[in-house]
Amino acid sequence: MRLNTFGKSERLSQKKYIQELFSQGSSFYLYPFKVFYRPFSDIDENQVLIAVSKRNFKKAVDRNKVKRRVREAYRLNKPQFQAPVKFQIAYIYTAKEILPFRNIEKKLISVSQRLNKMSTLKHNNDEETTKG
């Protein structure tokens, strides 16, 4: 895993996995993101999908701008996303306006902290069940 990169192996792009994430995964909402996540053991690093609604942003230029900001915030703060359990994650941007990069970055960090907390709990529970 290389820091400060966002390569192909970190992108969630297979249709089968995306469908499984939305049908079997869990979710929570933390403005401006609806986050779907699913623990996945067959990967070396988290896989991420970033989506922006066409309903909220009619122009592709605006959707791409938001996706670029989210990708960059993720890339720069990737070390905070390292947890014992690897996830497939979908970030659905739900705000109706383009937020400044700093706001997106702060919210993405909050999401990562929440996922890390859930990951640690799941990891500890898994260890307890294997011991007992």
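A residue is called buried here when its relative accessible area is under 20%, exposed when it is over 50%, and partly exposed in between, using a 1.4 Å probe and protein chains only. By that rule Tyr37, with a relative accessible area of 12%, is buried. Bear in mind that this is a predicted model, in which local features need pLDDT of at least 70 and side-chain atom pairs count only at pLDDT 80 or more, while totals for chains, interfaces and linings use all residues. Residues are numbered from 1 along each chain as its sequence is written, and side-chain values use heavy atoms, with hydrogens and water left out.

Let us start with the sheet. Helices (H or I, at least four residues) and strands (E, at least two) are DSSP runs, numbered from the N terminus. Four strands make up an open, mixed sheet in the order β1-β2-β4-β3, where two strands pair if DSSP finds at least two bridges between them. At the edges sit β1 (26-30) and β3, each pairing on one side only. Neighbouring strands are turned by 20° against each other on average, direction ignored; the axes behind such angles are lines fitted to C-alpha atoms, for helices over the stretch in contact, and angles run from 0 to 180 degrees between N-to-C directions.

Inside the sheet, β2 and β4 run antiparallel, paired over seven bridges, and Lys34 stands opposite Ile92 in β4. Ile50 has Tyr91 of β4 as its bridge partner. Although β3 is an edge strand, five of its six residues are buried.

Helix α1 lies across β1, β2, β3 and β4, at about 105° to β2. Helix α2 lies across β2, β3 and β4, and runs at about 150° to β3.

The aromatic rings are worth a stop of their own. Rings of Phe, Tyr and Trp (its six-membered ring) pair if their centres lie within 6.5 Å, with planes under 30 degrees apart counted as stacked, over 60 as edge-to-face and the rest as tilted. The structure holds eight such pairs. In one of them, the centres of Tyr17 and Phe40 are 5.1 Å apart and the planes stand at 70°, so the pair is edge-to-face. Tyr17 belongs to helix α1 (residues 15-24) and Phe40 to the loop between β2 (33-39) and β3, 23 residues apart. Tyr17 is partly exposed at 21%, whereas Phe40 is buried at 11%. Tyr37 and Phe87 are also edge-to-face, at 5.7 Å and 80°. Because Tyr37 lies in β2 and Phe87 in β4, this pair ties together parts 50 residues apart in sequence.

Finally, look at the interior. A nonpolar core is a set of buried Ala, Val, Leu, Ile, Met, Phe, Trp, Tyr and Cys residues joined through side-chain atoms within 4.5 Å. In the largest core, of 24 residues, Phe33, Val70, Tyr91, Tyr93 and Leu108 touch the most other members. β2, β3, α2, β4 and α3 (101-131) each supply at least two of its residues. A separate core has six residues, including Leu12, Leu21, Phe36 and Leu49.

Notes:
Contact means heavy atoms within 4.5 Å.
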